[in-house]
Every structure is written in C-alpha cells, then in structure tokens.
Amino acid sequence: MVPAARVKLDFRHLPDGYVATAKDVETELERIGHTLSPLEIVVVNTSAGAKYGRQDYVSSGCGMGYEATMYLLERGVRLTGIDGWSWDAPFVHTAKKYLETKDASLIWEGHKAGRHIGYCHNRKAAQSGAFAADRFHRVVLSSQDRAGLGGLDPGGRHS
C-alpha cells in the first residue's frame, strides 16, 4: 500500500476571520504546483499557529468554509489539519457575521461539510508538529480505515 502524502496549504496571508473558499484552495494548489489525489492529508497553515498560547489565539487565523472543505473532500481528502482553534473561522468573527445577517448556515459551515462526505480534522495541528518539515509523517490507511475513518461511515454519520 502506498502511504498517503501530506500537503500543506499556506493561508497565513488571509485575514483573521476570513472564510477560505474553493478558489482559495485551488489558487494555493496552483501556487505550490500540486494536484490532489485521494487520501492525501491536507494541513492548513494560518496566522493562528504563531499565536498559540496567547490570548488572541482563539480569535486568530482564517477558517475553512463549506465550499473549501467540499473541494477537498470531493477530491478524496479524508484527513485534514489546521493550526487554528477550529477548522472553521474563529467563532468570534462568525458570531459577528451571524448577528449582522441572521444566516445560521454560517455557523460551523466547514464542519457541516462532513454531513455530505465524512472526514476527520485535527485542530491546533501546529502544536503536534504537523507543520515542521522534518516531522511530516506518512500515514497508511487500511481499506477498513478508509471505509470507517474513526467511526464515520461514508455518509458522514457516526456509527
């Protein structure tokens, strides 16, 4: 079995609270000259990782929106990581947008993509060494792991 590759998307230039789109992901993949393959692991580097341990950490960094997450999932990505407090944009920014728009679909939209295609994500990934070039590990998923992915069936429901 061929080990899954890890791909790092650099979104440190995006402002705090920004919700990354499919176009943002596509643009970054073009910049690094990479085409996603099924079962690759995607980690997202935002400005939050550098602020870990500070009071502003939870409100820092961008997040991955529904369409950005679906872009990854539709190409076979099932494991993701981010250096921020959440896969989604920091909640303080989302709450402000919700109060302005009353659009509940903005809340945890990246997480909700898992309702359509199951996936797992790791938050605070910078602290686990996910972004250090010398600590990129290869992960091998068995066919059983690929089918279940930690208790998620292919439809994204918990078993």
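Student: What makes the link between the side chains of Asp10 and Arg12 a polar contact?

Tutor: First, the ground rules. This is a predicted model, where local features need pLDDT of at least 70, side-chain atom pairs count only at pLDDT 80 or more, and totals for chains, interfaces and linings use all residues. Residues are numbered from 1 along each chain as its sequence is written, and side-chain values use heavy atoms, leaving out hydrogens and water. Now the contact. The two side chains are 2.7 Å apart. A polar contact needs a pair of N or O atoms within 3.5 Å; within protein, one must be able to donate a hydrogen and the other to accept it, and residues adjacent in sequence count only if both atoms are side-chain atoms. So 2.7 Å qualifies.

Student: Which residues does Asp10 touch, leaving aside its neighbours within four places in sequence?

Tutor: Glu28, Arg31 and Asn45. Contact here means heavy atoms within 4.5 Å.

Student: Why is the pair Glu28 and Arg31 called a salt bridge?

Tutor: The closest N and O atoms are 2.8 Å apart. The definition asks for a side-chain nitrogen of Lys or Arg within 4 Å of a carboxyl oxygen of Asp or Glu. The pair therefore passes. Both residues lie in helix 1, three residues apart, about one helical turn.

Student: How do you know whether Glu28 is buried or exposed?

Tutor: Glu28 has 4% relative accessibility. Buried means under 20% relative accessible area, exposed over 50%, partly exposed in between (1.4 Å probe, protein chains only). So Glu28 is buried.

Student: What does the salt bridge between Asp16 and Lys51 tie together?

Tutor: Its closest N and O atoms are 3.8 Å apart. Asp16 lies in the loop between strand 1 and strand 2, and Lys51 in the loop between strand 3 and strand 4, so the pair ties together parts that are 35 residues apart in sequence. Strands are DSSP runs (E, at least two residues), helices likewise (H or I, at least four), numbered from the N terminus. Asp16 is partly exposed at 35%, while Lys51 is buried at 17%.

Student: Why is helix 1 called oblique to helix 2?

Tutor: They pack at about 50°, with axes 7 Å apart. Angles under 35 degrees count as roughly parallel, over 145 as roughly antiparallel, 65 to 115 as roughly perpendicular and the rest as oblique. That makes the pair oblique.

Conventions
Axes fitted to C-alpha atoms, helices over the stretch in contact; angles between N-to-C directions.
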